[in-house]
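Colleague: Could you take a close look at one part of this structure for me, and walk me through its surroundings?

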Amino acid sequence: RRLDTRGVDRAELRQRLLETWTQALIDGHFATGVPLSREDRQATVDQLSVLACIGLQEDSLQVKFDAFEALRGLENPPPLIQEVERGLHAIRHRFDIRLAATWGMRLGLVELRGSEVRFPHSLIQAYLGSRVIHLAMLDPDFRNGAMEDPGREFLIALVMNSRAQL
């Protein structure tokens, strides 16, 4: 794909660069030695985006699987979980956060540390979170928790999401 850099501010340029990089990763242009299909890569990015959002709310690069399982286990899961689950279903996948973390480690998106992942760079976490943060913000619990003392990466994710919506 071509990357149009004309007439954009710094935040939108950053968002477009990361979107192009992620799409190339999903399409198999990067991490070519990792034998995953396009759908497996897409499912990995989608699930790690959920983990990124959880970390943004907590202002932490490290996210425990238990935090994800607690959201998913709710009787009425938040829109973030419901929408990502629909997207996974469309590509014939289901949530398997530990497998996604393992694949994400092989793709260089996260570091796997026992019962949690760590995002190797805050910008990767902010970008992945920005892909779905509009869904997370629909949940009052997420919104109130995140807005109580918003971290830098959370704010970056909001700005990136706003630029992606243009």
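Modeller: Let's begin with glutamate 116, which is buried, with a relative accessible area of 12% (buried means under 20% relative accessible area, exposed over 50%, and partly exposed in between, with a 1.4 Å probe and protein chains only). This is a predicted model, where local features need pLDDT of at least 70, side-chain atom pairs count only at pLDDT 80 or more, and totals for chains, interfaces and linings use all residues. Residues are numbered from 1 along each chain as its sequence is written, and side-chain values use heavy atoms, with hydrogens and water left out.

Glutamate 116 sits in strand 3 (strands are DSSP runs of E with at least two residues, helices are runs of H or I with at least four, and both are numbered from the N terminus). Leaving aside residues up to four places away in sequence, glutamate 116 touches Gln62, Val63, Lys64, Phe65 and Glu111 (contact means heavy atoms within 4.5 Å). With glutamine 62, its side chain makes a side-chain polar contact of 3.0 Å (a pair of N or O atoms within 3.5 Å; within protein, one must be able to donate a hydrogen and the other to accept it, and residues adjacent in sequence count only if both atoms are side-chain atoms).

Glutamine 62 also has a bridge partner in strand 3, namely arginine 118. Strand 3, residues 116-118, pairs with strand 1 in the antiparallel sense over 3 bridges (pairing needs at least two bridges found by DSSP).
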